[in-house]
Amino acid sequence: MQLLTNFKLALLLLSLSLFSKGPTLKDYLNVVKNGTEPIAFVEKQLKTHDLIIFDDALHNAVEPFEFYERLLSSKNNNIEYVFIEVFGINTQPQIDAFLKSSTKEFSLLENVFQNEFSGYGWRYQTYLDLLSTIWDLNQSKTEQQKIKVTAVDQPIYWEGIHTREDYNLFQKSLTGRDYFMYKTIVSKMNKFKDNTKGIFLTNTRHAYKHIKNSSGVNYWNCGTFFNQWHPNKTYSIRIHNAILSITGEKTSKGNNSTQGLDKISYKWIQMENGIWDEAFQKNDNKAVGFSLKDNAFGNATYTGNHMLKAAKEQTMYDAYDGLIFLAPLNELHFSAKFDFIYTPEFKKELKRRIEILEGDNIKGFLSDNNVKSIEEFIDNEFIIHPKVKNSLIKH
């Protein structure tokens, strides 16, 4: 009897070990080694898809924008549209004026970078460099060949915001933001009827193609509208970086940010305890792109913005079609910041916005920033900053 019991126990342990065995480092490495140079990978996808949706992982990441510039400079693609999430559609006239100008006049872009959701101004050098590169590329193109930059985000009219309540109402209007961006892009591309090619430069949540909640209902992210209503027309790519891991919800104190990170407890982590990064390292950290379909990377448990309430069976392939690795995490950077938009006139407007956004918390705001006045804060903060190493993951 004891022998039979021991035999059953051995079988049980064997079956459990076999059942729980997940992918090995070798499985990940095989995917990486069979990948493709990133620009060639994207150009291949553009042959069968009309719109590539890029998740830059972090809006202030440097390497994705350097990659976009190289991609647009390649002679092997016919990208006509560059859609940019963070620019409101009310800034389109200024973007067009810059691209059509006979000389490169960055001052034409002041309004583009001054009018964004936070109120402080969008000051990442990477976005300015991208527009500058597109201006350069267009100089040798015919009018029909020129790359068009299209702002797709909801507009904010700061001149109409006079109180914190006004700003809170604006934040509520963002409920339909993903649909707004989807409609803007799909209309510009004539519902994919013309074989026109474009790239959409966005951030994590907006790039998801098919994440469901625990009830099996779609989260209708911008990428989801494309995936559900225009199947096979778009291809969503995650650019590898640290990833947001949400550990819980919390009640935010004070005014809520548009980004919403003040409502959650979170940390930045490496995917699957670093095994992704180990596989890239074993491949000599060569830049590579590959599909997430039917492989170890794609089968990884979904990690990201919706993870608290996402269906348990969701994977990274449910979020994205492909992955691009550009450099190891400890070699990635945060963007430099420019100062040209902080004209004397805008500094006055910026002071007004800060008074609106902080409301009764002005004293606390000044104390937190170790300054005596809003003017001092503006003069200290809104200056040129160099690019710095990405410090989200400690190595």
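A search of the whole structure, which is a predicted model, finds 42 aromatic pairs, a pair being two rings of Phe, Tyr or Trp (its six-membered ring) with centres within 6.5 Å, counted as stacked if the planes are under 30 degrees apart, as edge-to-face if over 60 and as tilted otherwise. In this predicted model, local features need pLDDT of at least 70 and side-chain atom pairs count only at pLDDT 80 or more, whereas totals for chains, interfaces and linings use all residues. Residues are numbered from 1 along each chain as its sequence is written, and side-chain values use heavy atoms, with hydrogens and water left out.

The rings of F65 and Y127 have centres 4.4 Å apart and planes at 50°, so this pair is tilted. The pair links distant parts of the chain, since F65 belongs to helix α4 (residues 63–73) and Y127 to helix α7, 62 residues apart; helices here are DSSP runs of H or I with at least four residues, and strands are runs of E with at least two, numbered from the N terminus. Both F65 and Y127 are buried, where buried means under 20% relative accessible area, exposed over 50% and partly exposed in between, for a 1.4 Å probe and protein chains only. The rings of Y266 and W268, with centres 6.4 Å apart and planes at 85°, are by contrast edge-to-face; Y266 is partly exposed at a relative accessible area of 34%, and W268 is partly exposed at 24%.

T91, located in the loop between β2 (79–88) and α5 (92–100), is buried, with a relative accessible area of 0%. The side chain of T91 reaches the backbone oxygen of G88 at 2.7 Å. Not counting residues up to four places away in sequence, T91 touches N111, V112 and A151, contact being defined as heavy atoms within 4.5 Å.

Key
A polar contact is a pair of N or O atoms within 3.5 Å; within protein, one must be able to donate a hydrogen and the other to accept it, and residues adjacent in sequence count only if both atoms are side-chain atoms.
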